[in-house]
Amino acid sequence: MAKIKSILSSNLFLLTIITIASLVLYLLYSSTIGFATLYYDDTGSYFIAADEFMHGNIDSLRTPIYPLLCRFAVWLSAPYVMRIICVLQEICFLLSITALYAAIRTFKANKYICFIATAAYALCPILFSYSNLIFTESLAISSTTFLIYSLSNTIFGKYRHIYGVVSIALLLFMIMLRPFFVCFIPGTAIVILYALYKCHNKKNSIILYTASVAAISLLSAYCYWYHSIYGKFSFSNVYELNRDMALYKWGMASYPNGINYYIFHSPTDRNGNSLTIYEAWKWQPSEEYRTKCDSAYTQNKVRYIKNKIIEFHKSLYLNYSQSPKSIAPLYYITRLFYVSLAQIYLFVILFTIIEVFNLFRNKKNIILSLALISFVTASVFTSIWGADSQYTRLMIPMAPCLFAMVAIFATRFTYFHTKSYEARQETA
Amino acid sequence: MKHDRKPHNLLRILFYTDFGNRFILISFAVLIAWLWFSFAGFTVKWDDDTGTYLKAGDMIFCGHIDRLRTPIYPILCHIAVSALQFKGFYILVFVQLTAFFVSLFYFHKTASTFIRNRIWAFVATALYAWNIPTMEQTTIIHTESLSTSLTVWFIYLTTSVITGHGSRKICITAPIVLTLMILLRPFNMYFVPIMILAFIYAKYHKLPIWQKQTFYSFFFCILCLFSYCSLFKASYGSFSLSSVSEINRAYSILNNSAFDKGAIYPLADGDSIRHLRYWDIDYSHLSLQTADSIYHKNILKYATSRVTQFDISNDYYFPVQNNPLVYTYVLPIQCLKLRQIYLILLIIFICRFITFLHRKTMFAPTTMLLLMCFTTIFTTLWASAGFAFGRLMLPMFPCLCLLIPGVFDQYNIKLKKYHIIQVKR
């Protein structure tokens, strides 16, 4: 009996329960949409990009990881390619639950706080519902969680240098998955610099230095390769596309946007089947169009910035919830996670104040908190500056950071019940 | 030589005394109101209810009771409008704003009574005092703003009774304030059980309640309300304060407003005439009788429909008048969705319940505030027509501002202090 009790209260058992519950909710959600996979015209652009990469070129919009994943899924089985990608994304999400739990444990949080934060992450329909969407968001969420885990072990763990190398490699992977993650470089750099500062072993320092230099070199090499084809030292032109669409939306440019739609036919898989996507697009603006847009942007820069501030303002009212209403448990669970972006921004400000207070008053190590704050603020800025709409979808990679921040925030407080008025009156 | 580390006298008064704290709170509230109205514009707002108060005021001054409105607010409207026509509304808004600022004083007194920690008491009052949506409500010609300020006074009086600070004046005034609140807004009738429970609690714990004087005060107030209801019955056939619940019920059962003739109340505004549209009920309309009959035959179905109301209410912002929010920087931060408020109340209730089971302590002020919140939510969902949740639940706002910091104080939630261990090398 004692053994059963100890198993039931063990961390591994509870973590397993949470993971299974997450999977059950995911299947419940999938059943509401008939186990369909959701994809839009952006999905086709990844398959077109995969073709470019397989021919030894760089795509102008997409970085290689997700297109190559799509190509790999096509090679496995063309008719079921979307299903394969969904399953892979969901597996990554389920693994990330354990990663988040382990990350929160590293800063010595109370057991209950760890499980509540992990359960909230695992059971949040807004997060696992992205597994059914053939976009980069799902892998972005999972990889952010893995990054938080490796960064927390870089700061608090035993093998700092190894986790440091893993963090660098992971960030490189994330940037190649989604250029958006360039905004995570400052936060990761803070942690790596701290690890180097704390590293007393020369050999470990050399390993970290080498890894950092290698990552920077690889990124630079990619950018140089991109520059040799498209004339711009960058990872992708997606910012330019979004900028031009914003200019058009605000009446500062009135030119055709250069998006061309194609019917995409994939190569055949191992069984001779192929995939057809009817609305794949590619951005192929003319030189004249690009020159006109660049000059429109330069002439209207102040107005552009003003409109972006208004967009930030509008984002205050947005929220992350997006799941459908058809199954009652999921609908009410989704509503629990309804938080507006304004409330998130307020929480981040409060969190920053508390952490700075802890740094100066209590001399606490807040490097991880600083990294998380940097990730969140950079995500907000990059989404609003770099896109023209759908900010909540673009900001979704910062969601695991928010769960970790809530856990850290909870560990900063102490609480116990005080005497009530009745008890005080009796003693008086 | 030791340096004198005592803060300067003025700073000590401002931050460490109740007077100083209240001075800061009220000054900042005035400053925020001034800044807000300078930017957003200070204009009187009205809705479809405003005309009904004016019409009721006319009836009362002709010697009759109005079927829809209890007398206090219509009397105030009539006096203001008789003096200056449309411009008279500015007097009313001034009265509402003044009542709001006076309520800040009583709010802080209440917070200081049951919240030990000075900082949490300050935070509780700041949440109420510096809330722009609540200030905005004072510029609207409806009962909610005045009712909220009176609710603060009511909370102060009842909290004083249950914490043993009830003087004779407080015990006599409490029932009178509640009566005024009921005659201002019949909705406040649902606070009567709370007041009775407060006095019973005080008596059980042998706290001073000046039994004889309190009893006479209760008796006088019941007599007033009874007389009003009797007059209402003589005029309109039902022993009640108002027919507003009947009308709201008809709206929700029938999903149409065929019984609303719609009318215009003209008011002179300088050289022009303002036409205030208001809802004018045809009480002999067949649909009203149909709705009443449906309600009485199938109360269970009506009760089930209230669950749908609860569901709909989740998406409304509080404490604003309508959806969507006014497009500003401030309001998204100062408003919550009702579903978030329900969740907070549920968490507080669970914490209180667990504490009660473990330690057998009730902590009466928190319990009273929770009861007021649940009563407000229930009454709004039961009796409203389903579109003004934020406005109708406004009396809950002061309770929330007291509850949340009160819980923080009660559970002694504070930042951890880490001990820095210095190792001698």
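Residues are numbered from 1 along each chain as its sequence is written, and chains are lettered from A in the order in which they are written. In this predicted model, local features need pLDDT of at least 70 and side-chain atom pairs count only at pLDDT 80 or more, while totals for chains, interfaces and linings use all residues, and side-chain values use heavy atoms, with hydrogens and water left out.

For the complex, the predictor gives an ipTM of 0.79 and a pTM of 0.85.

Next, select both chains and look at their contacts (heavy atoms within 4.5 Å), where 35 residues of chain A meet 43 residues of chain B.

Now select α14 (301-315), α15 (328-336), α16 (341-362), β3 (413-414) and α20 (421-427) of chain A, each of which supplies at least two residues of the side that touches chain B; helices (H or I, at least four residues) and strands (E, at least two) are DSSP runs, numbered from the N terminus. The largest share of that side, eight residues, comes from α16(A).

Finally, select β3(A) together with β5 (residues 414-415) of chain B, which pair in the antiparallel sense over two bridges, pairing being called when DSSP finds at least two bridges between two strands. Here A:Thr414 stands opposite B:Lys414 in β5(B).
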